[in-house]
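Subject: Structure handover

Hello,

Here is the structure we talked about. Please open it alongside this email, as the notes below follow it part by part.

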Amino acid sequence: MFCVRENPEQTFYWFFEATCPVARDRDPGVQFQFPEDFSDEESCQTLPRFCFPYDIQKVRDGVAVQHFTFVLTDLEGSQRFGFCRLTTSTHTCLCILSYLPWFEVFYKLLNNLADYLKKGQMNEMKALLAALYKQPIPLMSGSVTLQMHQVLDENCYQELKKTKTNKKNLIPYFIAPDPRSLPSIPENRNLTELIVAVDAGNLLQLETALVQQQHTYKLDTRCAVLTSCVHALSAVLYPMYWQHIFIPVLPPHLLDYCCAPMPYLIGVHTSLSERVRGRALEEVVILNVDSNTLETPFDDLKRIPSDVVSGLKLCLKRQAVSPGCGVSRAFLKAQALLFGGYRNALQCQQDGEMLFNEAVFLEHKSSSMRHFLQSAVHLQFFKQFIDSRMDILNKGKEPGDLFEEEIHNCDTTEGEFLYMYKFFNFSL
């Protein structure tokens, strides 16, 4: 899940075509942009540099077309996504900037735009961009279908497919993801790439490193796989959000971020690995996605209760090759076991205000869980999680997300033992 801006005003803010620089000390050029009067000087100078996040003197050939995503965090803490389509043969990159984490929507849009460019259909390309730029974001739950001149909810779209409506009237269309659902395989490209590239053992090591807020970076020769893995790792932290430096693919001009003293989650193209390792790094967890090898100076798995680790590892091995949301569900169940007890620590004051009692939260019958929680309560993402829940509760509302549903499943079985049994066996 992502820390996104609520109710963004537009589907996207800027689209541009960037050309690869001819030397390391040169900046990319911009051949085309929409809107044509876009004039944010800082964006125009810096964002095209994210489109070629590798050593251009070492990488000339590669995958014909790659989709990847960079992320910018604004002053309010909301993430903006730069969705990119890099074409090796032309050394150009199409990029579209949006507050919406609609990976497949914008990757499909970029493919359509690339097709228009290849055929020289500039009027059609501008018409599509203008329609989506002016299209208000539908304030509805569930998935939606964006078209040139109208928005349909998913049910309406399925009904239209059953009719004899001319298919040309439905193209191009873009089905946005349902924010209420867990990421599934193979529909969610990010999660699928992660599970294919990284085995269960290394995935557990990575996830526990993030829970402990370690410096973590990934290496790969493919920007597409690299950013997918970084985004997917961040997403399975749900209901927590990664609160620190987050750069799915690091452009060369920002390599010094790898020396930052605060925790980070960063993707680095393999062509830049020697330059990164040559810097004065803190203790760092490094995953080489190409070879599925992990380097870590820590033993973070021992800090997580062993029953939770065992259950999650077993579930990941069973679910890794299965379509559906089994992998996401396994991580969610683990998070419910680790943090779901927060509800037992909620206390109502005389004035009606709800407070979180940390001492009650730490009164866990399991010594291993107590030890873990004593450390976890000081983590920034846990504090943010508690603050956000208190904010909802003190507005007279009830959190109603997937995490709360999973806690309810834990509470309404027959206690933690039965929930653990179901955790180990839910995939059977």
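Which residues of helix 12 are buried? They are Met369, Phe372, Leu373 and Ala376. Viewed down the axis of helix 12, these buried residues fall within an arc of 95 degrees, so they line one face of the helix. The face turned away from that buried side carries the exposed residues Ser367 and His371. The buried residues of helix 12 have several packing partners: helix 6 (200–211), helix 9 (306–319), helix 10, helix 11 (358–361) and helix 13.

A word on confidence before going further. This is a predicted model. The protein has a mean pLDDT of 83, and 85% of its residues reach 70 or more. Among its elements, strand 1 (residues 14–19) has the highest mean pLDDT, at 96. Strand 7 (residues 151–153) has the lowest, at 39. Over residues 148–171 the pLDDT is below 50. Beyond near neighbours in sequence, that stretch has 29 contacts in the model.

Aromatic residues

The structure holds 23 aromatic pairs. One of them joins Phe339 and Phe372. This pair is tilted, with 5.8 Å centre to centre and 55 degrees between the planes. Phe339 sits in helix 10 (residues 326–339) and Phe372 in helix 12 (residues 367–376), so the pair links distant parts of the chain, 33 residues apart. Phe339 counts as buried because its relative accessibility is 0%. Phe372, at 2%, also counts as buried.

Phe356 and Phe382 form another aromatic pair, this one edge-to-face. Their centres are 6.1 Å apart, and the angle between the planes is 65 degrees. Phe356 lies in strand 15 (residues 354–356) and Phe382 in helix 13 (residues 380–393), so this pair ties together parts that are 26 residues apart in sequence. Phe382 counts as buried, at 2% relative accessibility.

Nonpolar cores

The largest nonpolar core has 92 residues. Which residues have the most contacts inside it? They are Phe15, Leu113, Phe339, Phe372, Phe382 and Phe403. Another core lies apart from the largest one. That core has 38 residues, among them Leu72, Leu219, Ile247 and Ile266.

Is strand 5 (residues 92–98) mostly covered or mostly open? It is mostly covered: 7 of its 7 residues are buried. Thr92, Leu94, Ile96 and Ser98 point one way from strand 5. Cys93, Cys95 and Leu97 point the other way. Both sets are buried.

Strand 5 pairs with strand 1 in the antiparallel sense, over 6 bridges. Here Thr92 of strand 5 is the bridge partner of Thr19. Strand 5 also pairs with strand 4 (residues 79–87), again in the antiparallel sense, over 7 bridges. In this case Cys93 of strand 5 is the bridge partner of Leu86. Strand 4 and strand 5 form a hairpin with 4 residues between them. In the turn, His91 has a positive phi of about 55 degrees.

Best wishes

Methods
Residues numbered from 1 in each chain as written. Predicted model: local features only at pLDDT ≥ 70, side-chain atom pairs only at ≥ 80, totals over all residues. Heavy atoms only, no water. pLDDT = per-residue confidence, 0-100. Helix = DSSP H or I, 4+ residues; strand = E, 2+ residues; numbered from the N terminus. Contact = heavy atoms within 4.5 Å. Phe/Tyr/Trp six-rings, centres within 6.5 Å; stacked < 30°, edge-to-face > 60°. Buried < 20%, exposed > 50% of the residue type's maximum accessible area, 1.4 Å probe, protein only. Arc of directions from axis to C-beta. Core = buried A, V, L, I, M, F, W, Y, C linked by side-chain atoms within 4.5 Å. Pairing = 2+ DSSP bridges.
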